[in-house]
Amino acid sequence: MTFRRLVKLVAVAVVLVAVAVSAFVAIRLLDGKTGGAVRVVNAPAELVARGKYLAEAADCAACHSAPGGAPFAGGLAMQSGFGTIYATNITPDPDNGIGRWSADDFWRALHDGIRRDGRQLYPAMPYTSYRGMTRADADAIYAYVMQLRPMKVVNRRTQLDFPYDIRLGMIGWNLLFLTDSVPAASTGSSTAWQRGRYLVNVLGHCGECHTPRGMLGQMELSKPLTGFALGRVAAPDITPAGLASRGWTAASLRTYLGRGIAGPASAFSDMHQVIVLSTRNLTADDNDALVTFLLGDSPPSPVPLPTADPAVLEAAASGPGRTDYVALCAGCHGLEGNGLPNTVVALRNNSTLRLADPRNLLVAMLDGIGPENFPHRASLQAMPGFADKLGDQQAAALANYLRIVWGGQKPDVTAAAVQALR
């Protein structure tokens, strides 16, 4: 443990002890501080339309809408590593949502991570990124959400372990980790790059998933966008070098963010929601800006698929992984892994297969992927899971075959790695 990290941990401990003494009284003083007038916001249509666009760019609906629930009415369970946090209702309902919030209340939540009743928000709400949002943009989003249909959906209580359930402890956390801006993962100075930085680091809050986190849940800002796995599915490295290493170009990335399907990949899991609810709604200029920032003003050349060792290829072609591929996968993906346009994703040169970390491939193999719809009437049929058909060693052999032949990776997936993800 470094001296700097030790100092941080000691500081956190001191703050936690200090706030714990007053927590009992403070919590009760804050309880019930939810009264006040119901807000009616009569905003110009142009401002509401701009707020809608910004709310989509900020991907608000993805977190504040539970599966099968009303949009923006909350209820989505988010696993934090410290317990479960439930997204809140942000419709204008006065009792369960933000119907009594002012624009100042809304700004304080986005900028400082503080609710209207004075309690601290947990950083599952990405105020750590939204802190860089302009007040004008925050006010526009507020004007939009206050026009939504009020939904009487009661918020679910967050379930965190002690001492993380003491919200006042977030005061110390913010003192240590809350910054005014998130570092850039690429290099540039153009107008498009500057706009892209705002879209990626602030509104899109991409670093909240794609940046590694420390032991107290803070983003490791020395490694922006280099990838992180909080759960079973990993958010990959999306730095210029990371994207280029998997064959991404500006053109393919632009298509992916706008449609969800591009040459190297199709969006699935949480990223499918990001595409459908957020990035596909961006203007062409903002899509270009996103790509410009992610790759930098001088994008690196995409790395060709590495040539596999002939002996390794021969062993894979005659091994059990190939046998299971033909039996279980080739009927849809084809013997050569080319897939079918808008029906079955191609495996050849697939971005997921080119990831050094095999977890996303293994999770897809074990769980399957449901049918997915994309913009412009594109769709992919469901892929069944094979957890009940493949033992750990079989699944590892199949994963190694896929990664060797079409991902240029080493045959390093083990049965233990499969078992850990079941």
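A: In this predicted model, the largest nonpolar core has 68 residues, of which Met133, Val145, Leu203, Leu253, Tyr256, Leu257 and Leu294 touch the most other members. A nonpolar core here is a set of buried Ala, Val, Leu, Ile, Met, Phe, Trp, Tyr and Cys residues joined through side-chain atoms within 4.5 Å; buried means under 20% relative accessible area, exposed over 50%, and partly exposed in between, with a 1.4 Å probe and protein chains only. In soluble globular proteins, nonpolar side chains tend to be buried together.

Residues are numbered from 1 along each chain as its sequence is written, and side-chain values use heavy atoms, with hydrogens and water left out. Because the model is predicted, local features need pLDDT of at least 70 and side-chain atom pairs count only at pLDDT 80 or more, whereas totals for chains, interfaces and linings use all residues.

Once residues up to four places away in sequence are set aside, Met133 touches Trp107, Leu110, Ala138, Ile141, Tyr198, Val202 and Leu203, a contact being heavy atoms within 4.5 Å. Trp107 and Leu110 are also among the buried residues of helix 4 (residues 103-112), together with Asp105, Phe106, Ala109 and His111; helices (H or I, at least four residues) and strands (E, at least two) are DSSP runs, numbered from the N terminus. Helix 5 and helix 6 are included in what covers these buried residues of helix 4, and just after the helix Gly113 takes a positive phi of about 75°.

Charged side chains can be followed in the same way, with a salt bridge taken as a side-chain nitrogen of Lys or Arg within 4 Å of a carboxyl oxygen of Asp or Glu; by this rule the count comes to 20. Asp180 and Arg131 form one of these, with their closest N and O atoms 2.8 Å apart. Asp180 lies in the loop between helix 7 (169-177) and helix 8 (191-203) and Arg131 in the loop between helix 5 (127-130) and helix 6 (135-145), so this pair ties together parts that are 49 residues apart in sequence. Asp180 counts as exposed at 56% relative accessibility, whereas Arg131, at 18%, counts as buried.

Another salt bridge joins the side chains of Arg100 and Asp95, at 3.3 Å from N to O; Arg100 is buried, with a relative accessible area of 17%, and Asp95 is exposed, at 57%. In the pair of Arg403 and Asp412, the closest N and O atoms are 3.2 Å apart; here Arg403 is buried at 0% relative accessibility and Asp412 is partly exposed at 47%.

As for how far the coordinates can be read, pLDDT is the predictor's confidence in each residue, from 0 to 100; the chain has a mean pLDDT of 90, and 92% of its residues reach 70 or more. Over residues 14-33, however, the pLDDT is below 50, although beyond near neighbours in sequence this stretch has 16 contacts in the model. Where pLDDT is low, the predicted coordinates should not be read in detail.
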